[in-house]
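Please look through the chain below before reading on, and keep it in view while you work through the numbered points of this note.

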Amino acid sequence: MLSIRSSYLGELEIAVLEHLWSAGAMEAKGVHQGIGIQRGISLNTIQSTLERLYRKKLLSREKVRHAYVYAPTVQREELMAQWVGQVVHVLSKGKDHDLLSAFVDFAARVDEHNLDRLEQLIAERRKQQPEDSS
């Protein structure tokens, strides 16, 4: 599991991941064309960002001819779950009820339909679990 510190991402790192999640694996030049040019940043900046994400183990890379092709090693939902899990672990200190209450309050504040979505997600999760695990 990634640590909170090692998985902290800057705005450009998130943009690069978003681009690779939506467009698929590609070389630095492709990422630069996709998000770098419109931001007015150099190819070197994109290459450095890809290298940081690779060292953080959020990207894999394969050398094809003379350039690396980068691909995400995690999907967006998986990364979000890791971050939430890390924050919960650090902040909850075993107080599950406080955590759940704060989460439900947050969900309701963001969108009034979130509580319905939570009920649906909980029902779907319960259907996926084997009967003997409850």
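Predicted model: local features only at pLDDT ≥ 70, side-chain atom pairs only at ≥ 80, totals over all residues.

1. The chain is divided into two parts, domain 1 with residues 11-72 and domain 2 with residues 76-128, where the bounds come from an automatic or database domain assignment.

2. Residues are numbered from 1 along each chain as its sequence is written, and side-chain values use heavy atoms, with hydrogens and water left out.

3. The chain has seven helices and three strands, where helices (H or I, at least four residues) and strands (E, at least two) are DSSP runs numbered from the N terminus. If you read along the sequence, these elements follow the pattern α-α-β-α-α-β-β-α-α-α.

4. On overall dimensions, the chain has a radius of gyration of 19 Å, whereas a compact globule of 134 residues would have one near 14 Å; the radius is taken over C-alpha atoms, and the globule rule is 2.2 Å times the number of residues to the power 0.38. Taken along the principal axes, the C-alpha atoms fill a box of roughly 55 × 35 × 30 Å.

5. Of the 134 residues, 27% count as buried, a word that here means under 20% relative accessible area, with exposed meaning over 50% and partly exposed in between (1.4 Å probe, protein chains only). The chain exposes about 9900 Å², and carbon and sulfur atoms supply 54% of that area; accessible areas come from the Shrake-Rupley method with a 1.4 Å probe, and for residues only the protein chains shown count as cover.

6. Among the contacts in the chain with a separation of 6 or more, 49% are accounted for by residues 24 or more positions apart, where contact means heavy atoms within 4.5 Å.

7. Which residues does valine 16 touch, not counting residues up to four places away in sequence? Valine 16, placed in helix 2 (residues 11-23), touches Val31, Ile35, Ile46, Thr49, Leu50 and Leu53. Valine 16 is buried, with a relative accessible area of 0%, and its C-alpha atom is separated by 9.1 Å from that of glycine 36, which is 20 residues apart from it along the chain.

8. Two residues of helix 4 deserve a look together. Threonine 49 lies in helix 4 and counts as buried at 0% relative accessibility; leaving aside neighbours within four places in sequence, threonine 49 is in contact with Leu12, Glu13 and Val16. Leucine 53 is found in helix 4 (residues 43-55) and is buried, with a relative accessible area of 0%. With its neighbours within four places set aside, leucine 53 is in contact with Leu9, Glu13, Val16, Leu17, Leu58 and Leu59. The C-alpha atoms of leucine 53 and threonine 73, 20 residues apart along the chain, are separated by 9.9 Å.

9. Is tyrosine 70 buried or exposed? Tyrosine 70, whose place is in strand 3, is buried, with a relative accessible area of 6%. Not counting residues up to four places away in sequence, tyrosine 70 touches a list of residues including Leu20, Met26, Leu50, Tyr54 and Leu59. From C-alpha to C-alpha, tyrosine 70 and tyrosine 54 are 8.2 Å apart in space, and they are 16 residues apart in sequence.

10. Most residues other than glycine have a negative phi. Lysine 57, in the loop between helix 4 and strand 2 (59-64), has a phi near 65°, a positive value in a residue other than glycine, and lysine 57 is exposed, with a relative accessible area of 61%. Arginine 65, in the loop between strand 2 and strand 3 (67-72), has a positive phi of about 55° although it is not a glycine, and arginine 65 is exposed, with a relative accessible area of 78%.
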